[in-house]
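Open the model in your viewer and keep the selection tool at hand. The tour moves stop by stop.

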Amino acid sequence: SDDGKLSFDEFKAYFADGVLSEEELHELFHTIDTHNTDNLDTEELCDYFSKHLGEYENVLSVLEDLNITILKAMDKTKKDYQVASNLEQFVTRFLLKETLNQLQSLQSSLECAMETTEEQTRQERKDLTKPEILSIQWPGKRSARRLQKNNSLSSNNPHSSTGWTEEDSQWMTQINRLQKLIDRLEKKDLKLEPFEEEVLEENARSHIMIVQNQMCVTEEKIEEFRLALKQYVESASTLGGCLHISIQKLPSSFQFIVYEFWENSNAWNSHLQMNYSKAFQRSNVDFLETPELITTMLVPGKYQI
């Protein structure tokens, strides 16, 4: 409530992860509340977590430095790019894309680690009473943060208008196509289930990876991009883990959206290491006006073989 302190309800709303029970959260709250005020202030939170940082103290310190360094680089890029030579602009685009790829790789590793630790903890505690607050979980928070991030990065997205436009109609068409695809997948013994806690068998492929890639192409490179995209789709479609690829070109623009459906995150990660995928990523450095915007989502589902 912006009063400089956290009540237990506020603490619970943020820190509840779907694993700790309300009693355990209450015990943790009072452990941190060394001033015995039934509220947590910044000093108490810092004192508690500082004692448990361990190796993550170095990680957070490096992230702070990285954030500052990237912001400085972005500021310099904004100032210098317009007056740079074609070759210098090419190098800048390449470095931006490589930086983005490295950060996305780190993010993917961290998300996998979080999901693995949460799943292990849930399995260890499966005989305990289900926590009262199941609607507030870290995966959901991450999704909300991704959505917020994507919205902020897509400030020029033509679909942000509240009015109904021709492009909105295109979105509805695409949604209908995705629904038809899901129906087809269900007929192929793919089971999509509502949210519930499930103990998975070892090595079970339990989530479909959906990837959305938004690309804004330079006008004079449009034909070369189409050819490269066609080769990319044909190569990706031959892989066993690829379920479907759909392409949409937005009207009155040179923006493309590619939707990819993969059996699981491992299949997607393997695809990224293939030569055809790397070649397409390298060619996009020349074809795109801005770095591509990639969004991924895991959808619960299980193949019955």
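In which loop does Asp-38 lie? Select it and see: Asp-38 is in the loop between H2 and E2. Bear in mind throughout that this is a predicted model.

**Stop 1**

Most residues other than glycine have a negative phi. Asp-38 has a relative accessible area of 48%. The cut-off for exposed is over 50% and for buried under 20%, so this residue counts as partly exposed.

Next, select Asn-36. This residue also sits in the loop between H2 and strand E2, which spans 40-41. Asn-36 is not a glycine either, yet its phi is positive, near 55°. Is Asn-36 buried or exposed? Asn-36 is exposed, because its relative accessible area of 65% is over the 50% cut-off.

**Stop 1: the annotated segment**

Color by secondary structure. Over residues 20-55 the chain is 56% helix and 6% strand.

**Stop 2: H1 against H2**

Show helix H1, residues 8-15, together with helix H2, residues 22-32. At what angle do H1 and H2 pack? The angle is about 115°, and the axes are 10 Å apart. The crossing of H1 and H2 is right-handed.

From H1, pick Phe-8, Phe-11, Lys-12 and Phe-15. From H2, pick Glu-22, Leu-25, His-26, Leu-28, Phe-29 and Ile-32. By class, this contact has 7 nonpolar, 1 polar and 2 charged residues.

**Stop 4**

Jump to helix H5, residues 86-124, and select Leu-96. Which residues does Leu-96 touch, leaving aside those up to four places away in sequence? They are Met-74, Thr-77 and Pro-291. Ala-73 is 23 residues from Leu-96 along the chain, and their C-alpha atoms are separated by 9.6 Å. Leu-96 has a relative accessible area of 23%, so it falls between the 20% and 50% cut-offs and counts as partly exposed.

Move to Lys-97, also in helix H5. Is Lys-97 buried or exposed? Lys-97 counts as buried, because its 12% relative accessibility is under the 20% cut-off. Residues up to four places away in sequence aside, Lys-97 touches Gln-281, Val-285 and Glu-292.

**Stop 3: across to H10**

Select Arg-282, in helix H10, residues 275-287. Draw a C-alpha to C-alpha line from Arg-282 to Lys-97. How far apart are Arg-282 and Lys-97 in space? The distance is 8.9 Å, while in sequence they are 185 residues apart. Arg-282 has 52% relative accessibility, over the 50% cut-off, so it counts as exposed.

**Stop 4: the whole protein**

Zoom out and show everything. The protein has 10 helices and 8 strands. Buried residues make up 30% of its 305 residues. Finish with the contacts. Among those with a separation of 6 or more, 70% come from residues 24 or more positions apart.

Conventions. Residues are numbered from 1 along each chain as its sequence is written. This is a predicted model: local features need pLDDT of at least 70, side-chain atom pairs count only at pLDDT 80 or more; totals for chains, interfaces and linings use all residues. Side-chain values use heavy atoms; hydrogens and water are left out. Helices (H or I, at least four residues) and strands (E, at least two) are DSSP runs, numbered from the N terminus. Axes are lines fitted to C-alpha atoms, for helices over the stretch in contact, and angles run from 0 to 180 degrees between N-to-C directions. A crossing is left-handed if the near helix is turned anticlockwise from the far one by less than a right angle, and right-handed if clockwise. Contact means heavy atoms within 4.5 Å. Ala, Val, Leu, Ile, Met, Phe, Trp, Tyr, Cys and Pro count as nonpolar, Asp, Glu, Lys and Arg as charged, and the others, Gly among them, as polar. Buried means under 20% relative accessible area, exposed over 50%, partly exposed in between (1.4 Å probe, protein chains only).
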